[in-house]
Amino acid sequence: MALPETRSEQLARALEDDICAGRALPGMRLDEQVLAQRFGTSRTPVREALKMLAAQGFVEIRPRQGAVVVGLDVRQVLELFEIMAVLEGLCARLAARRMTPAERADLHAVHAECQRLAVAGDPDVYYAMNTRFHEVIYAGSHNRQLEEETRRVRNRLSPYRRNQLHQLGRVAKSVQEHDDVVRALLEGDPDRAETLMRRHIGIQGDSLSDFVSNMSTPQAAPQTPPQAALAGALGRPTIVR
């Protein structure tokens with residue numbers, strides 16, 4: 001039985017949600033006093049929450065500045081997408097072998113809702129159900145350590161994955177890729193489930209590859225800040241701080 005969350009853990013989760021949803025942008029300072037007032041608590045649990053987020057790489061504790069939201073450069077994002085593809089692929093492989101009938105029914109229901117929301121055409125609403133879709137597969141792997149590690153990497157990439165869905169036609173493609181993965185899972189085909197899931201996650205990172213390549217060539221003058229270039233690769237503007 002899981003232990004109840006401490007106040008610090010609750011605050012850390014709330015702030016992580018802010019970062020993943022884009023409400024707290026890279027470079028933004030997280031003031032302890034302001035946060036304490038917002039959450040109606042003392043500064044001690046806020047300070048502990050920020051330390052937790054720093055350990056996870058979401059914020060950086062800087063001298064005389066306090067906690068600042070950390071942004072990832074393009075190379076880091078691409079590297080994390082590569083890791084994510086391997087982890088999610090393994091989740092799918094194990095889920096194809098281990099999902100219970102109830103979990104398979106849940107997967108089918110969540111997929112149907114993803115299809116419905118894709119037609120509705122709101123990428124942000126679809127993103128929430130898309131996250132639920134992947135969570136069902138994580139749980140279906142019946143490997144707690146794998147589930148937690150996959151979720152940790154996914155959370156670091158959340159702002160970039162959310163933005164990526166705003167590319168023209170990407171939601172429709174995402175649903176089609178889900179459909180292929182679901183078919184492999186329900187047919188109990190671990191090899192195909194893993195291959196299709198890795199391809200699904202890899203597609204999201206492919207749009208960054210050309211930019212990463214250009215970064216390593218002498219002809220590519222660094223005139224565009226990495227955050228702005230990343231936004232261009234993902235098809236949506238961002239704020240450069």
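The following dialogue discusses a predicted model of one protein chain.

Biologist: How many helices and strands are there in the chain?

Modeller: Read along the sequence, the elements follow the pattern α-β-α-α-β-β-α-α-α-α-α-α-α-α. In total the chain has 11 helices and 3 strands.

Biologist: What percentage of the 241 residues is buried?

Modeller: A residue is called buried when its relative accessible area is under 20%. The accessible surface of the chain comes to about 12500 Å², and carbon and sulfur atoms hold 52% of that surface. Of the 241 residues, the buried part is 43%.

Biologist: Among contacts between residues at least 6 apart in sequence, what percentage joins residues at least 24 apart?

Modeller: Two residues are in contact when heavy atoms of theirs lie within 4.5 Å. Among the contacts in the chain between residues at least 6 apart in sequence, the share that joins residues at least 24 apart is 72%.

Biologist: Are helices H1 and H2 roughly parallel or roughly perpendicular to each other?

Modeller: Helix H1 covers residues 7-20 and helix H2 covers residues 32-39, and their axes are 12 Å apart. The angle between H1 and H2 is about 105 degrees. Angles from 65 to 115 degrees count as roughly perpendicular. H1 and H2 are therefore roughly perpendicular.

Biologist: How many nonpolar, polar and charged residues does the contact of H1 with H2 have?

Modeller: H1 contributes Arg7, Leu11, Ala14, Leu15 and Asp18 to the contact, while H2 contributes Leu35, Arg38 and Phe39. Sorted by class, these residues are 5 nonpolar, no polar and 3 charged.

Biologist: Is Arg154 buried or exposed?

Modeller: Arg154 has its place in helix H7, residues 144-164. Apart from neighbours within four places in sequence, Arg154 is in contact with Met84, Thr131, Glu135, Tyr138 and Arg161. Its relative accessibility is 6%, so Arg154 counts as buried.

Biologist: Which side chain is joined to that of Arg154 by a polar contact of 2.6 Å?

Modeller: A polar contact is a pair of N or O atoms within 3.5 Å. At 2.6 Å, the side chain that makes such a contact with Arg154 is that of Glu135.

Biologist: Which side chain makes a polar contact with that of Glu194?

Modeller: Glu194 lies in helix H9, residues 190-206, and is buried, with a relative accessible area of 17%. Glu194 and Cys91 are 103 residues apart along the chain, while their C-alpha atoms are separated by 7.7 Å. Setting aside neighbours within four places in sequence, Glu194 is in contact with Gly89, Leu90, Ala92 and Arg93. The polar contact, at 2.5 Å, is with the side chain of Arg93.

Biologist: How far apart in space are Val171 and Tyr126, C-alpha to C-alpha?

Modeller: Val171 lies in helix H8, residues 170-186, and counts as buried at 13% relative accessibility. Not counting residues up to four places away in sequence, Val171 touches Ala118, Pro123, Tyr126 and Leu165. Although Val171 and Tyr126 are 45 residues apart in sequence, their C-alpha atoms are separated in space by 7.8 Å.

Biologist: What is the phi of Arg64, which is not a glycine?

Modeller: Most residues other than glycine have a negative phi. Arg64 is found in the loop between strand S2 (59-62) and strand S3 (66-69), and its relative accessibility of 86% makes it exposed. Although Arg64 is not a glycine, its phi is positive, at about 65 degrees.

Biologist: Where is His142 found?

Modeller: His142 also has a positive phi, about 55 degrees, although it is not a glycine. With a relative accessible area of 44%, His142 is partly exposed. His142 is found in the loop between H6 and H7.

Terms used. Residues numbered from 1 in each chain as written. Predicted model: local features only at pLDDT ≥ 70, side-chain atom pairs only at ≥ 80, totals over all residues. Heavy atoms only, no water. Axes fitted to C-alpha atoms, helices over the stretch in contact; angles between N-to-C directions. Helix = DSSP H or I, 4+ residues; strand = E, 2+ residues; numbered from the N terminus. Parallel < 35°, antiparallel > 145°, perpendicular 65-115°, else oblique. Nonpolar A, V, L, I, M, F, W, Y, C, P; charged D, E, K, R; others polar. Buried < 20%, exposed > 50% of the residue type's maximum accessible area, 1.4 Å probe, protein only. Areas by Shrake-Rupley, 256 points an atom, 1.4 Å probe, with all protein chains shown as cover. Polar contact = N/O pair within 3.5 Å; in protein donor to acceptor, adjacent residues only side chain to side chain.
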